[in-house]
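Me: Got a model here I'd like to go through with you. Can you put it up?

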Amino acid sequence: MIVEVNVPVFAESITEGTLVSWHKKVGESVARDEVLVDIETDKVVLEVPAPQAGVLVEILVQDGEVVETQQLLAKIDTAAQAGAVAPAAAEPVQAAAPAAPAAAPVLQQAQAGVAMPAAAKLAAEKGIDVGAVQGSGRDGRVLKEDVQNYQAPAAQAAAAPAVSAPAAAPVPAGERPQQRVPMSRLRARVAERLLASQRENAILTTFNEVNMKPVMDLRAKYKEKFEKEHGVKLGFMSFFVKAAVAALKKYPVVNASVDGNDIVYHGYFDIGIAIGSPRGLVVPILRDADQMSIAEIEKAIVDYAVKAKDGKIALEDLTGGTFSITNGGTFGSMMSTPIINPPQSAILGMHATKERAVVENGQVVVRPMMYLALSYDHRIIDGREAVLTLVAIKDALEDPARLLLDL
């Protein structure tokens, strides 16, 4: 019996995707629900499972091709045996276009699970040893974009700082290497949304600084007990989420959004947490964050981070949100002006914590300080509400007991 493998039904906001790579080849056996192929959309990577167990007898769409919802991808014979498919039928594209001699070792490594098929194919075309490419996929697998971004030692030497030039291989005089790499769907979508945000919102940013010592002391005191009790480490983001929710309750317009000529006030608090991933920035949502405990927030953030790394963030994880938090401090940023994530009206930016001299009670003391930035849509949020919101977040972090007493 022949069973068809089709593209899943996309969400309404997604019209097409790109087939990233096949996990199986023609002639190989597949188990029911085993992942056959990855499809990248502008928001998530979809894993397409096998509808039935059998043998993959035909692949109709190759790596890198654009696909639409419910398009036919492949066929599975539930009665066939593995290896029964003739080689010519198994690899029609490779038979029509023989690989260059350098492709042999590349494809052998791909078969061993080092590189994805699309990456191995591209590496063969470019004459790149795939074994020299650092993989960013699951279990260190080399992805197509890893090959696209790969720089040969000579190119790396050209891009290296001048201080390291003596130890690097010299670049032949007159060479000016460059590389053109197409944006991934996610990167293109992020670029589109950020440009739209700057074009459509009246973005203004207000700043403040917060003494992180009270939160750091509280965390140091209870982090071991917290981890034993809840099975997750006590981080800083949960305190910021709680502080942000407390501030949004006081100034609900900062949690609102613009819809035409209307202001939509949300009676719930869905907080987006910006997370970096190998594919780019994603902002999964903590839904009803006001009803979550600190442990639940920490567990949810860890879960999203793992999903982002493995490319398993689901579309529903990214949908909605009334306010966002981004932490550039993890990369060393001291100050920034974060861009609003539409249709939200504000975003909080965290930064690196550094010891600085500050004045307390007339005395100069050293404290771990962090700059905070709140970017907001000035169309509906006045400076007063924005500044008071940031002050409320600062006050809650500098006196965490406020979060317990709802002050």
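Me: Before we start, what kind of model is it?

Reply: It is a predicted model.

Me: Pockets, then. How much space lies in the largest pocket?

Reply: About 1,300 Å³.

Me: How many residues line the largest pocket, and which lie nearest its centre?

Reply: The lining has 44 residues. Nearest the centre are Ile 273, Ala 274, Ile 275, Val 282 and Val 283.

Me: Which elements supply at least two residues of that lining?

Reply: Three are helices: H7 (185-200), H10 (294-310) and H11 (315-318). The others are strands: S13 (275-277), S14 (280-282), S16 (323-327) and S17 (346-350).

Me: Which gives the most?

Reply: H7, with five residues.

Me: How does the lining of the largest pocket divide into nonpolar, polar and charged?

Reply: There are 26 nonpolar residues, 11 polar and seven charged.

Me: Why does the largest pocket lie between domain 1 and domain 2?

Reply: Because both domains give residues to its lining. Domain 1 covers 2-77, and domain 2 covers 195-404.

Me: Now closed spaces. How many cavities of 30 Å³ or more does a search of the whole structure find?

Reply: One. The largest cavity has a volume of about 70 Å³. It is lined by 11 residues, and the closest to its centre are Arg 279, Val 282, Ala 308, Gly 311 and Ile 313.

Me: What are the residue classes in the lining of the largest cavity?

Reply: Five residues are nonpolar, two polar and four charged.

Me: And which domains does the cavity lining draw on?

Reply: Domain 1 (2-77) and domain 2 (195-404), with at least three residues from each.

Me: Switching to helices. Where does H8 bend, and by how much?

Reply: At Tyr 222, by about 55°. H8 runs over residues 213-230, 18 residues in total. From first C-alpha to last it reaches 24 Å, close to the 26 Å expected at 1.5 Å a residue.

Me: What follows H8?

Reply: Gly 231, with a positive phi near 75°.

Me: I've also got Phe 226 flagged. Which helix is it in?

Reply: Phe 226 is in H8. It counts as buried because its relative accessible area is 13%, and the cut-off for buried is under 20%.

Me: What about H9, how far does it reach?

Reply: H9 (residues 237-250) has 14 residues and reaches 20 Å between its end C-alpha atoms, close to the expected 20 Å. It is mostly covered, with 10 of the 14 residues buried. Among them are Phe 239, Phe 240, Val 241 and Leu 248.

Me: Is Met 237 buried or exposed?

Reply: Buried, at 13% relative accessible area. Met 237 belongs to H9. Its C-alpha is 9.3 Å from that of Met 350, which is 113 residues away along the chain.

Me: And H12, what should it span?

Reply: The 16 residues of H12 (383-398) should span 22 Å at 1.5 Å a residue, and the end C-alpha atoms are 22 Å apart, which agrees. Its buried residues include Glu 385 and Lys 394, along with Ala 386, Leu 390 and Ile 393.

Me: Last topic, the backbone. Which residues does a cis peptide bond join?

Reply: Pro 342 and Pro 343, with omega about 5°. Pro 343 is in the loop between S16 and S17.

Me: Which residues have a positive phi without being glycine?

Reply: Asp 33 is one, with phi about 70°. Gln 70 is another, with phi about 65°.

Me: Where are they in the fold?

Reply: Asp 33 is in the loop between S3 (29-30) and S4 (35-40). Gln 70 is in the loop between S7 (66-68) and S8 (72-77).

Me: Are Asp 33 and Gln 70 buried or exposed?

Reply: Asp 33 is exposed, with a relative accessible area of 53%. Gln 70 counts as exposed too, at 54%. The cut-off for exposed is over 50%.

Technical notes
Residues numbered from 1 in each chain as written. Predicted model: local features only at pLDDT ≥ 70, side-chain atom pairs only at ≥ 80, totals over all residues. Heavy atoms only, no water. Helix = DSSP H or I, 4+ residues; strand = E, 2+ residues; numbered from the N terminus. Expected span 1.5 Å × (residues − 1). Bend = angle between axes of the 7 residues up to and from the residue. 1 Å grid on protein atoms, 1.4 Å probe; cavity = no way out; pocket = protein on both sides within 12 Å on 5 of 7 lines; lining within 4 Å. Points joined across faces, edges and corners; volume = space filled by probe spheres on them. Nonpolar A, V, L, I, M, F, W, Y, C, P; charged D, E, K, R; others polar. Domains from an automatic or database assignment. Buried < 20%, exposed > 50% of the residue type's maximum accessible area, 1.4 Å probe, protein only.
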